[in-house]
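Hi there,

Here is the structure I promised to pass on to you. Have a look at it first, and then read my notes below.

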Amino acid sequence: MSTAESTSLRARDARVIANIGRLRFSPLAVVGGAGNRLIEEGGRRVLDLSASCGPAILGYSHAGLANAVADACKSMAGASLLAYPNENAVALAEELLRITPGSGERRVWFGHSGSDANDCAMRVLQAATGRSRFISFIGSYHGNLSGSMSISGHTAMTHSLPRAGLLLLPYPDPYRNNFTAEEVLKLLDYQFATTCPPHQVAAVFLEPLMSDGGLIVPPPGFLKALQDRCRKHGIRVVVDEVKVGLGRTGRIHCFEHEGLEPDVVVFGKALGGGLPLSAVVGPQEIMDHAPAFALQTTAGNPVATAAGRVVLRALKEEGLAANAERVGNAFMQGLRALGKDHSVIGNVRGRGLAVGVELIDSNTGEPVPVVTTAKIIYRAYQLGAAFVYVGLRGNVLEFTPPLTLTEAEVGEALGIIDQALRDVIAGRVSDAEVAPFMMW
């Protein structure tokens, strides 16, 4: 190995960063960012079609975000919300309550990520309701802490067993249709009548658009019918908006597409615009269950919450939800057009700028091997675009770019994806090249 190779950012990363905290999809090593581009070592600018796995909804080096964070750092109002309030945290909580539908007295809890927010929601709901069981879905991903992992149902979580008493339901997929919405609801009714008495269930955790499970848009009316069943039994409805909320689907909240009226809403990723920030919004009788029940020293600090305030302001002033709807529709139309030339594209789906492309064997209709998906992502990186894959079989390309993506950049992205598909099908990417990047 040459001196340059041994001192590269990738080589240093491999030597010092724990593998348990890494998920690499390509050789991309980042030294900066501007707009919707990541600047890699060497200076090349790569179009980011992932927003760093979701949080960078304003892109990179957003002037308003940079200024607000700098101002908050110049005269820091403490470093924690734990022992005393600060203006940015309280103001952000007030704004979240204004934009999030709900009735009665409500409260906001701040954390650092969707993982800790879902973990907090699960723990406080169990304590406040006195009910110990939960419902979630096969394919769901609610986080990577012990509690949020325990109520997840993704194949990547099989190293950690679900919590005792968890009821995992199939999430109906209109493309695969292994279970229809009616069959899932019938299964829930049967479970309620037999092994899962509803009076034992504290809450159901819903993804209004299943993200890591494959960017699955639920059948119309399914989640509303599920909500109605749970409400009859006093089961709280928790909506996980971590990956698809705050404008990404063309509306401020993804659950608005489904007519849901959640008791608890969980925010993460986008809320901090790239800084570590999450939130739980819920009813006062749940969120005020006990003092100091869910403390984190730096949660709600004035720097991260300053960023959160900029994100909510930009959503409104820059029309990001409308842009996500318009540009996302153009992106999906373009991807469906590519499907006419590439039989490996089985399905294009999503809402706004949360887009999934399911890859299939054109002869059998079965999912392609994950190595094929990895090769497409690897080749796209070589051509100048970054994105990732999801799905229980690892065969879904996921596109969750910054909400500032332009239609011109959509055209650029489509050209790269088209060429990547052609090159992979032609065998121009080897198994060995992608072997280091099949971690998911």
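On the face of helix α7 (residues 181–193) that is turned away from its buried side sit the exposed residues E182, K186, Y190 and A193. Exposed stands for over 50% relative accessible area, buried for under 20%, and partly exposed for anything in between, with a 1.4 Å probe and protein chains only. Before going on: this is a predicted model, in which local features need pLDDT of at least 70 and side-chain atom pairs count only at pLDDT 80 or more, while totals for chains, interfaces and linings use all residues. Residues are numbered from 1 along each chain as its sequence is written, and side-chain values use heavy atoms, leaving out hydrogens and water.

Back to α7. Its buried residues are A181, V184, L185, L188, Q191 and F192. Helices (H or I, at least four residues) and strands (E, at least two) are DSSP runs numbered from the N terminus.

Helix α7 lies across β5 and β6 and runs at about 160 degrees to β6. Axes are lines fitted to C-alpha atoms, for helices over the stretch in contact, and angles run from 0 to 180 degrees between N-to-C directions.

Those two strands belong to an open sheet of seven, in the order β4-β10-β9-β8-β7-β5-β6, with mixed pairing. Two strands pair if DSSP finds at least two bridges between them. At the edges are β4 (106–111) and β6 (167–169), each pairing on one side only. Neighbouring strands are turned by 20 degrees against each other on average, direction ignored. Strand β5 (residues 133–137) runs parallel to β6 and is joined to it by three bridges; S136 stands opposite L168 in β6.

Lastly, the cysteines. How many disulfides does the structure hold? It holds zero, counting a disulfide as a pair of cysteine sulfur atoms within 2.5 Å. For C254, the closest cysteine sulfur is in C230, 18 Å away, so it is too far for a bond. C254 is buried, with a relative accessible area of 0%, whereas C73 counts as partly exposed at 43% relative accessibility.

Enjoy exploring!

Best wishes

Note on methods
Contact = heavy atoms within 4.5 Å.
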